[in-house]
Amino acid sequence: MKKLFFVFTTHPVSLAIWTILVMAMVVMTGWAHFATLSFAFEVGIFDADVTLEEDVAVILVAFGVFLEMREMLTKRGYGAEVAEKQHILNELSERYGAYLLIIGLLMEINDQCFEPLLENTGFAAIGVLTMAFFDGLALVLGLGFLAKLFAPNRSVAA
């Protein structure tokens with residue numbers, strides 16, 4: 001039963017589903033940034049936006065760690081002999097997991113830097129715009145991961 005669980009969680013289709021879910025959360029957060037800026041610094045609007053961003057940053061970090069740990073999970077699911085195709089997918093997952101982990105950490109640092117400034121200032125707008133930038137970057141990387149996940153003949157080293 002354990003092996004089936006590990007094989008299921010590391011299967012490419014399963015990875016694609018989780019990636020789509022995480023990217024949907026990123027899109028919702030990015031959309032919230034634009035809504036925040038459109039309200040032009042109304043009182044209390046930035047607080048809700050930052051709370052949403054903190055949650056997505058934590059999810060990106062957790063998902064990045066999950067992707068980086070795919071090799072360990074596949075060894076538990078498939079045994080010591082892991083097929084070459086799985087090694088290639090492990091390398092791809094490690095790379096994109098590291099990217100998402102770094103973006104999530106940068107989002108959290110950005111959040112901590114700008115949170116004290118969220119009182120109708122221009123700095124607040126800069127903070128929200130950089131958060132939106134990181135959301136966009138995470139979305140582009142997630143879509144790139146999905147593209148490479150379903151195009152196995154592309155080079156992983158590129």
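Let's start with Leu139, which counts as partly exposed at 25% relative accessibility (buried means under 20% relative accessible area, exposed over 50%, partly exposed in between, with a 1.4 Å probe and protein chains only). A word on the ground rules: this is a predicted model, where local features need pLDDT of at least 70 and side-chain atom pairs count only at pLDDT 80 or more, while totals for chains, interfaces and linings use all residues. Residues are numbered from 1 along each chain as its sequence is written, and side-chain values use heavy atoms, with hydrogens and water left out.

Back to Leu139, which sits in helix H6 (helices are DSSP runs of H or I with at least four residues, strands are runs of E with at least two, and both are numbered from the N terminus). Setting aside residues up to four places away in sequence, Leu139 touches Met23, Val26 and Val27, where contact means heavy atoms within 4.5 Å.

Ala16 belongs to helix H2 and is buried, since its relative accessible area is 4%. Leaving out residues up to four places away, Ala16 touches Leu146, Leu149 and Phe150. The C-alpha atoms of Ala16 and Gly142 are separated by 9.5 Å, with the two residues 126 apart along the chain.

What about the protein as a whole? There are six helices and zero strands, so you can read the run of elements from the N terminus as α-α-α-α-α-α by the DSSP rule. Of the 158 residues, 41% count as buried. If you take the contacts with a separation of 6 or more, 78% come from residues 24 or more positions apart. The accessible surface is about 8,800 Å², and 73% of that belongs to carbon and sulfur atoms (Shrake-Rupley method with a 1.4 Å probe; for residues, only the protein chains shown count as cover).

Now for the inside. The largest nonpolar core has 22 residues, and those with the most contacts inside it are Leu60, Leu100, Ile103, Met107, Phe145 and Leu149. Such a core is a set of buried Ala, Val, Leu, Ile, Met, Phe, Trp, Tyr and Cys residues joined through side-chain atoms within 4.5 Å. Helices H2 (12-38), H3 (45-68), H5 and H6 (122-149) each give two or more residues to this core. Beyond its neighbours within four places in sequence, Leu100 is in contact with Met23, Leu60, Phe63, Gly64, Leu67 and Ala138.

Val58 is also in helix H3, but Val58 is exposed, at 53% relative accessible area. Val58 and Gly104 are 46 residues apart in sequence and 6.5 Å apart from C-alpha to C-alpha.

Finally, how do H4 and H5 pack? Helix H4 (residues 70-78) and helix H5 (residues 84-114) meet at an angle of about 150°, with axes 9 Å apart. Axes are lines fitted to C-alpha atoms, for helices over the stretch in contact, and angles run from 0 to 180 degrees between N-to-C directions. That makes H4 roughly antiparallel to H5, the word for angles over 145 degrees. On the H4 side the contact uses Arg70, Glu71, Thr74 and Tyr78, and on the H5 side Gln86, Leu89, Asn90, Ser93 and Glu94. These residues divide into two nonpolar, four polar and three charged (Ala, Val, Leu, Ile, Met, Phe, Trp, Tyr, Cys and Pro count as nonpolar, Asp, Glu, Lys and Arg as charged, and the others, Gly among them, as polar).

Definitions and conventions:
Angles under 35 degrees count as roughly parallel, over 145 as roughly antiparallel, 65 to 115 as roughly perpendicular and the rest as oblique.
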